[in-house]
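Biologist: I am new to this structure. Please take a close look at one part of it, the charged side chains that pair, and describe what surrounds them.

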Amino acid sequence: MPAGQDLIFFDNSEDWQVVANINRTATIVNENSHTPILPIDLGVSLFSDYIAVIAGTTRGKPSWQFAGDIRQVYNFAPGGNNPVTGVLQSLPTRLFINRLQIVETNRISPDRFRLRYTPPFWFKDCSVRVYEYTGDTLNFVKDALFSIGNALGVDPNQPSGLIEAQLTIIEELITDKFAELQTRESSQVQLDDFRESQLSTRISQTNAGVYTLAEGLAAILPPEQGEALRRAVSNRLQLDLGFL
């Protein structure tokens with residue numbers, strides 16, 4: 001998990017609310033032609049960090065995978081000192097037919113955003129359903145920063161002046177330390193795997209050497225005693241005679 005990235009929870013269906021369920025059909029011109037379905041405003045205004053989307057068609061071919069894309073749309077009206085006006089769209093998220101996909105929204109503004117779905121031009125009909133995540137999130141950096149802010153007697157969400165700069169530095173330190181711990185943990189796992197592999201190799205080499213020695217002794221013993229020695233060593237070392 002990247003430092004600062006939210007964790008969301010999937011074990012409660014009540015945390016996901018349907019906010020859009022749209023179906024459209026293309027205008028058929030003739031047997032081999034139709035008018036493409038235009039991009040669809042899904043008619044919702046959201047302020048969510050996470051949504052889930054599923055889209056598809058009832059007239060698709062087995063080889064089809066692409067189901068269009070969905071994007072956020074902000075509409076900034078002129079006023080105050082706002083230098084941005086007009087419609088602003090986020091980068092599209094590609095969708096795949098009948099596959100439920102979690103989308104982390106791009107929070108480029110504290111304003112609410114709308115959703116626009118664009119089906120592939122070859123779809124003769126389409127459906128799209130959107131769920132809004134309303135459950136809790138867990139964020140290591142934000143939670144730690146909030147606790148520090150409380151300890152300092154300030155609201156971490158509304159800092160000012162020197163305290164704002166201090167909290168920013170603390171947040172960066174927490175994020176860096178969290179990333180360092182993740183890297184160290186990953187490195188330790190790799191090192192443990194390497195050591196385990198090396199140990200396993202050495203044990204296999206030692207077992208093979210012992211068995212080779214036993215095989216040499218068995219060759220100079222009477223057949224019954226030689227076979228008994230082979231089996232005793234094999235059982236002791238848990239070797240497979242058929243493999244050797």
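**Salt bridges and their surroundings**

Modeller: Arg 71 has a relative accessibility of 22%, so this residue counts as partly exposed. The limit for buried is under 20%. The model is a predicted one. The side chain of Arg 71 meets that of Asp 69 in a salt bridge, at 4.0 Å from N to O. Asp 69 belongs to strand 7 and, with 14% relative accessibility, counts as buried. When residues up to four places away in sequence are not counted, Asp 69 touches Pro 92, Thr 93, Arg 94, Leu 95, Arg 116, Tyr 117 and Thr 118.

In the whole structure, a search finds 3 salt bridges. Another of them joins the side chains of Asp 41 and Arg 114, with 3.0 Å between N and O. Asp 41 is in strand 5 and Arg 114 in strand 11, so this pair ties together parts 73 residues apart in sequence. Both ends count as partly exposed: Asp 41 has a relative accessible area of 37%, and Arg 114 has a relative accessibility of 35%.

A further salt bridge is formed by Arg 59 and Asp 125, whose closest N and O atoms are 3.5 Å apart. Arg 59 sits in the loop between strand 6 and strand 7, and Asp 125 sits in strand 12, so parts that are 66 residues apart in sequence are tied together. Here the two ends fall into separate classes: Arg 59 is partly exposed at 44% relative accessibility, whereas Asp 125 is buried, with a relative accessible area of 9%.

Strand 5 and strand 11 are antiparallel and share 4 bridges, and Ile 40 stands opposite Tyr 117 of strand 11. Arg 114 is on the uncovered face of strand 11, along with Arg 116 and Thr 118, while the covered face consists of Phe 113, Leu 115 and Tyr 117.

From that covered face the picture leads to the interior. In soluble globular proteins, nonpolar side chains tend to be buried together. The largest nonpolar core of this model has 23 residues, and Leu 42, Val 53, Leu 115, Tyr 117, Val 128 and Val 130 have the most contacts inside it. At least two core residues come from each of strands 2, 5, 6, 7, 11 and 12. Strand 5 supplies the largest share, 4 residues.

Val 130 shows how these elements meet. Leaving aside neighbours within four places in sequence, its contacts include Val 18, Leu 42, Val 53, Ile 70 and Leu 115. Another core, of 5 residues, lies apart from the largest one, and Trp 16, Tyr 50, Ala 52 and Tyr 133 are among its members.

Strand 6 has a pairing too: 4 bridges join it to strand 10, and the two run antiparallel. In that pairing Val 53 has Gln 101 of strand 10 as its bridge partner. Gln 101 and Val 103 make up the covered face of strand 10, and Ile 102 and Glu 104 the uncovered one.

As for the setting, the chain has 244 residues, of which 27% are buried. Its secondary structure comes to 3 helices and 13 strands. Of the contacts between residues at least 6 apart in sequence, 75% join residues at least 24 apart.

Conventions
Residues numbered from 1 in each chain as written. Predicted model: local features only at pLDDT ≥ 70, side-chain atom pairs only at ≥ 80, totals over all residues. Heavy atoms only, no water. Core = buried A, V, L, I, M, F, W, Y, C linked by side-chain atoms within 4.5 Å. Buried < 20%, exposed > 50% of the residue type's maximum accessible area, 1.4 Å probe, protein only. Contact = heavy atoms within 4.5 Å. Pairing = 2+ DSSP bridges.
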